[in-house]
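I opened the model to look up a few helices, their packing and some single residues. My notes follow in the order I took them.

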Amino acid sequence: MTHDQPLRIEIATPSRPYPVLVGAGSLTRVGTALDEAGLGPSQFVVSSPTVWGFWGESFHEAQPEAAPIIVPDGERHKTPGGVSRIYDALLKGGADRSAALVTFGGGVIGDMGGFAAATYMRGIRLAHVPTTLLAQVDAAIGGKVGVNLPGGKNLVGAFYQPSVVVIDPGVLSTLPRREFRAGLYEVIKYGVACDASLFEQVSRELGPLTRRDPAALVPVIAACCRVKGAIVAGDEREAGGRRVLNFGHTVGHALEAGTKYRRLLHGESVGYGMLAACALASARGALASSDRDTIAGAIAQLGPLPPVNDLSAAAQLEFMRHDKKVHEGRLHFVLPTGIGASQIVTDVSEAELLRALRDLGLRE
Ligand SMILES: NC(=O)c1ccc[n+]([C@@H]2O[C@H](COP(=O)([O-])OP(=O)(O)OC[C@H]3O[C@@H](n4cnc5c(N)ncnc54)[C@H](O)[C@@H]3O)[C@@H](O)[C@H]2O)c1
Ligand SMILES: [Zn+2]
């Protein structure tokens, strides 16, 4: 593994500017990065048994002072109860308002630990060290933290920016293959919705990327962080521009809910969601069929998605009616208009949606 200087991306959110450091081997220097970000001497690291089992020793070597708080991850543990366990451990460890919390795990640990940091004693300093591809390109950037309630995903949360994000693609070597691929769908999302050169880079380097070669991963992860950072800086609280990041997520969320969060990983559902959005855009004449084929080809190259042809299109439509992306009764839909360009529309009819779902293979 090389130990070059990490790439540094500045995220200029109005509430707090902070750097994202992306580099192979940056885990070995995480202690320095956290100290330089001003986290102070009282640090706690929230991680999961899986992540800590693989990488805890490396983390501990680089930052021996951070006291570990190990909580189970996985979507079903992203609950107020999970956060409560973190509060208890902070209290027991003597954390006061000068303490800092470092999340070291996937998006579940980041969202849950981030919410604990946002709320413990009305907010303590926070840093993210994401360990899944999805968390490195998405969840760790932008300050959304929170947990699920029995009534739905991410229903309780806050906007709370970290002081620094440290990304080492080396930790992805232990990620299950399917989890890794799921993150690549989100990478493709950024490319299609906002950045044609990123899309081309991913298509060109899919081989080294899927082999998880850090040399290929570093620039791609950094490009995603730059895209998300720029969008979030312009719209920290998702009033407008940030919505473009929901590309593929309207249909995606419905399919996730429609399969009770058991069949599809989040990224896989976004894969389907992007295909549906492309079908819809192309049926309207907003997306050239050659672009649609290129995007569908890139998604297909990542391998087969779990089947959804047993699901009913009408039932999925029902899930979309309850989506958070419904504003004043209108469903906001991100449609690609080319590779690297998209628009938000509010006039998608149910008939169009049904047709796009049928296009994915769903039944009546
Ligand atoms: N805050 C945001 O803006 C934002 C954005 C996107 C997603 N999210 C949230 O992120 C969550 C999904 O995150 P995720 O996909 O990272 O899932 P996850 O955190 O559940 O991690 C997936 C699995 O990978 C394991 N794992 C993590 N790192 C590993 C490593 N390096 N090696 C081996 N195994 C490892 C975990 O133990 C877990 O079993 C969802 O709850 C979603 O709502 C948040
Ligand atoms: Zn997503």
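Predicted model: local features only at pLDDT ≥ 70, side-chain atom pairs only at ≥ 80, totals over all residues.

**Entry 1: R122**

I looked up R122 first. R122 has 7 other C-beta atoms within 10 Å, so it is exposed. I found it in the loop between helix 4 and strand 6 (125-130). I then checked its backbone. Most residues other than glycine have a negative phi. R122 has a positive one, near 60°.

**Entry 2: helix 4**

I stepped back to the helix that precedes this loop. Helix 4 covers residues 107-119.

I checked burial next. Helix 4 is largely enclosed by the rest of the structure, because 12 of its 13 residues are buried. I noted G107, V108, I109 and G110 among the buried ones. F115, A116, A117 and A118 are also among them. Just after the helix, M121 takes a positive phi of about 50°.

**Entry 3: S47**

I went to S47, which sits in strand 3 (residues 43-47). Buried or exposed? I counted 26 other C-beta atoms within 10 Å of S47, so it is buried.

Which residues does S47 touch, beyond its neighbours within four places in sequence? I listed W52, G56, P68, I70, F104, G105 and I109. I109 also belongs to the buried set of helix 4. I took one distance as well: S47 and V102 are 55 residues apart in sequence, and their C-alpha atoms are 8.6 Å apart.

**Entry 4: K153**

I looked at K153 in strand 8 (residues 152-159). K153 has 16 other C-beta atoms within 10 Å, so I logged it as partly exposed. K153 and S197 are separated by 44 residues in sequence and by 33 Å in space, C-alpha to C-alpha.

**Entry 5: helix 10 against helix 13**

I turned to helix packing. Two packed helices are described by the angle between their axes and the distance between the axes. For helix 10 (residues 249-258) and helix 13, I read an angle of about 115° and axes 9 Å apart. That angle makes helix 10 roughly perpendicular to helix 13. The crossing is right-handed.

I listed the contact. Helix 10 supplies T250, A254, L255, A257 and G258, and helix 13 supplies A315, Q316, F319 and M320. I sorted these residues by class and got 6 nonpolar, 3 polar and no charged.

**Entry 6: helix 13 against helix 14**

I followed helix 13 (residues 313-321) to helix 14 (residues 350-359). Their axes come within 10 Å and cross at roughly 125°. I therefore logged helix 13 as oblique to helix 14. This crossing is right-handed.

Which residues make the contact? I found A313, Q316 and L317 on helix 13, and E350, L353, L354, L357 and R358 on helix 14. By class, I counted 5 nonpolar, 1 polar and 2 charged residues. Q316 is also in the contact with helix 10.

**Entry 7: K260 and helix 11**

I stopped at K260, in the loop between helix 10 and helix 11. K260 has a positive phi of about 55° although it is not a glycine. With 8 other C-beta atoms within 10 Å, K260 is exposed.

Helix 11 runs over residues 266-283. After it comes G285, whose phi is positive, near 80°.

**Entry 8: helix 11 against helix 12**

My last pair was helix 11 and helix 12 (residues 289-301). The angle is about 170° and the axes are 10 Å apart. The two are therefore roughly antiparallel.

I listed G271, M274, L275, C278 and S282 from helix 11. They meet S289, R292, I295, A296 and I299 of helix 12. By class, I logged 6 nonpolar, 3 polar and 1 charged.

Conventions
Residues numbered from 1 in each chain as written. Chains lettered and ligands numbered in written order. Helix = DSSP H or I, 4+ residues; strand = E, 2+ residues; numbered from the N terminus. Expected span 1.5 Å × (residues − 1). Buried ≥ 20, exposed ≤ 12 C-beta atoms within 10 Å, placed from the backbone. Axes fitted to C-alpha atoms, helices over the stretch in contact; angles between N-to-C directions. Parallel < 35°, antiparallel > 145°, perpendicular 65-115°, else oblique. Left-handed = near helix turned anticlockwise from the far one by under 90°. Contact = placed C-beta atoms within 7 Å. Nonpolar A, V, L, I, M, F, W, Y, C, P; charged D, E, K, R; others polar.
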